[in-house]
Amino acid sequence: MEILYRDRDIAVVVKPVGALSERDGNKVSVPLLLEEALGGKPDIRSVHRLDKNVGGVMVWALSARAATKLTEDVKNGKVVKEYAAVVKGVPDPEEGEMLDLLYHDPSKNKTFVVKRERRGVRDARLAYRVVSVKDGLSLVRVRLFTGRTHQIRVQFASRSLPLVGDGRYGDRGGGDKPMLFSFRLSFEHPVTGKPLSFTALPDFSEVGFGREEAEKIVSE
């Protein structure tokens with residue numbers, strides 16, 4: 001696991017696909033990988049999540065004061081999360097916003113777009129822009145404004161634009177490895193207040209989008 005930055009209060013890492021965001025016994029997780037990399041058992045605290053089969057940039061608190069502030073900033077939308085995704089089809093328009101009401105069913109671990117507000121329903125908003133189109137697939141840059149469970153996956157799928165490899169949300173090719181990557185995380189340091197931004201290149205070469213497209217999506 002690549003560590004992009006570390007000080008006494010935070011660690012910024014590139015989460016590998018397949019690693020859990022939270023500790024679960026001896027299963028491969030970011031906390032266990034961080035413990036191994038940092039040579040001990042630091043006070044590792046989670047402040048946000050990525051799905052198991054989604055990789056990308058994450059920040060972890062290494063102190064109580066950092067955890068409190070980062071958790072508050074995530075909740076208030078002060079942590080900017082940007083993703084790259086590959087979807088089936090071409091969004092129309094090729095740049096815009098998606099606004100929905102989402103309901104997450106914990107028993108099925110699945111999120112649904114609904115039409116009416118009721119208990120458990122939360123608003124969801126993202127902005128997107130198509131960066132490249134190949135063979136009926138679109139490489140899309142996404143900015144999250146809310147952080148709902150499976151938000152990007154279900155919002156695109158509800159518009160008949162499922163993420164490639166996401167059988168749970170409509171890719172008829174099946175699979176449980178959605179082409180989704182958290183390529184940039186921007187936030188203020190929870191103790192010093194210094195603006196920070198960290199970037200990692202997505203790798204979607206297996207579906208036709210190589211390094212050139214990856215560099216394009218992070219540079220714009």
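## The hairpin and strand 2

A hairpin links strand 1 to strand 2 through three residues. Helices (DSSP runs of H or I, at least four residues) and strands (runs of E, at least two) are numbered from the N terminus. Strand 1 covers residues 2-6, runs antiparallel to strand 2 and is joined to it by four bridges. Two strands count as paired if DSSP finds at least two bridges between them. Isoleucine 3 has valine 13 of strand 2 as its bridge partner.

This is a predicted model, in which local features need pLDDT of at least 70 and side-chain atom pairs count only at pLDDT 80 or more, while totals for chains, interfaces and linings use all residues. Residues are numbered from 1 along each chain as its sequence is written, and side-chain values use heavy atoms, with hydrogens and water left out.

## Strand 2 between two partners

Strand 2 also runs antiparallel to strand 4 (residues 55-61), with six bridges between them. Here isoleucine 10 has alanine 61 as its bridge partner.

How many of the residues of strand 2 are buried? Six of its six residues, 10-15, are buried. Buried means under 20% relative accessible area, exposed over 50%, and partly exposed in between, with a 1.4 Å probe and protein chains only. In a regular strand the side chains alternate between the two faces of the sheet. Ile10, Val12 and Val14 are buried on one side of strand 2, and Ala11, Val13 and Lys15 are buried on the other.

## Two nonpolar cores

A nonpolar core is a set of buried Ala, Val, Leu, Ile, Met, Phe, Trp, Tyr and Cys residues joined through side-chain atoms within 4.5 Å. The largest has 30 residues, and Ile10, Val59, Val86, Phe187, Phe204 and Val207 have the most contacts inside it. Among the elements that give two or more residues to this core are strand 2, strand 4, helix 2 and helix 4 (211-219). Strand 10 gives the most, with four residues. A second, separate core has 26 residues, including Trp60, Tyr128, Val130 and Leu163.

Phenylalanine 204 touches Ala84, Ala85, Val86, Leu139, Met179, Leu180, Phe181 and Phe209, leaving aside residues up to four places away in sequence. Contact means heavy atoms within 4.5 Å.

## The largest pocket

The largest pocket holds about 1,300 Å³ of space. On a 1 Å grid over the protein atoms alone, a pocket is an open set of points where a 1.4 Å probe fits, with protein on both sides within 12 Å along at least five of seven lines; lining residues have an atom within 4 Å of a point. Grid points are joined across faces, edges and corners, and the volume is the space filled by probe spheres set on them.

Which residues lie nearest the centre of the largest pocket? They are Arg49, Gly147, Arg148, Thr149 and His150, out of 43 lining residues. Helix 2 (64-75), strand 5, strand 6, strand 9 and helix 3 each give two or more residues to the lining.

Histidine 150 has a positive phi of about 60°, although it is not a glycine. Histidine 150 sits in the loop between strand 9 (137-144) and helix 3 (151-157). Its relative accessible area is 8%, so it is buried.

Asparagine 109 also has a positive phi, near 50°. It lies in the loop between strand 6 and strand 7 (110-114).

A cis peptide bond joins aspartate 92 and proline 93, with omega about 5°. Proline 93 is in the loop between strand 5 (80-88) and strand 6 (95-105).
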